[in-house]
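I opened my notebook to look up a few things in this model. Here is what I was looking at.

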Amino acid sequence: MVFIIAAALIVAGVALFVAAPLGIGLVGARAKSAGELQAERHEHERALAVQGLRELEFDREMGKLSDADYESMHKALEDRALTAMAAVENIRAQTDKAANAKKPSVTPLAPVPRRPPQPRRIDPIPTLVVHAEPPRPPQPTQQPPSSQSHKISFCPQCGTRAAIDSKFCAQCGIAIKQIGGAIARTE
């Protein structure tokens with residue numbers, strides 16, 4: 001029984017969701033005032049007259065109308081368009097006037113007197129005070145004595161790199177002997 005009620009609620013929810021846009025179109029549409037309807041009608045009339053003028057110009061260019069016919073039709077369409085435009089402007093002016101009458105009038109406040117500009121005060125530049133300490137003697141860096149500190153050695157004769165444990169130079173063949181971490185040449 002619970003499943004049937006849940007299914008019915010889901011179906012009803014989906015139906016309302018689908019039908020919501022249709023209801024807004026009917027219920028949510030604001031009724032247009034008589035002035036708005038008249039303005040739309042006059043605007044449509046103006047658009048038709050302008051379109052008629054364009055077609056009249058085209059027909060004249062194609063040679064379908066005589067000059068006398070063109071002048072009489074042009075004058076009638078032009079008057080029709082200008083009358084519609086004037087009517088639309090009158091309706092809009094009346095609507096604007098009514099809207100402005102509904103707005104509360106705001107009286108401007110008295111202007112606030114301004115103080116004359118005063119020169120800016122420039123703060124002095126802060127200075128850095130350094131307290132001199134006596135120089136410290138350099139600390140000797142102590143390196144632990146290591147036989148592996150000089151892993152790279154060079155031949156004293158030709159300057160070729162030699163392995164630390166090599167006894168002869170691979171380039172020139174001279175005998176290499178290490179004395180206290182330094183390489184000495186023996187002949």
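My entries below cover a helix pair, a histidine and the cysteines.

**Ground rules.** I am working from a predicted model, where local features need pLDDT of at least 70, side-chain atom pairs count only at pLDDT 80 or more, and totals for chains, interfaces and linings use all residues. I number residues from 1 along each chain as its sequence is written, and side-chain values use heavy atoms, with hydrogens and water left out.

**Helix pair.** I looked up helix H2 (residues 34–62) and helix H3 (residues 67–102), whose axes come within 8 Å and cross at roughly 160°. Helices here are DSSP runs (H or I, at least four residues), numbered from the N terminus. Axes are lines fitted to C-alpha atoms over the stretch in contact, with angles from 0 to 180 degrees between N-to-C directions. H2 and H3 are therefore roughly antiparallel (over 145 degrees).

**Histidine.** I found His42 in helix H2. His42 is buried, at 18% relative accessibility (buried is under 20% relative accessible area, exposed over 50%, partly exposed in between, with a 1.4 Å probe and protein chains only). Beyond its neighbours within four places in sequence, His42 is in contact with Ala84, Ala87, Val88 and Ile91 (heavy atoms within 4.5 Å).

**Cysteines.** How many disulfides does the structure hold? I noted zero disulfides, a disulfide being a pair of cysteine sulfur atoms within 2.5 Å. For Cys158, the closest cysteine sulfur is in Cys169, 3.6 Å away and too far for a bond. Cys158 is partly exposed at 37% relative accessibility, whereas Cys169 is buried at 5%.

Conventions: Helix = DSSP H or I, 4+ residues; strand = E, 2+ residues; numbered from the N terminus. Parallel < 35°, antiparallel > 145°, perpendicular 65-115°, else oblique.
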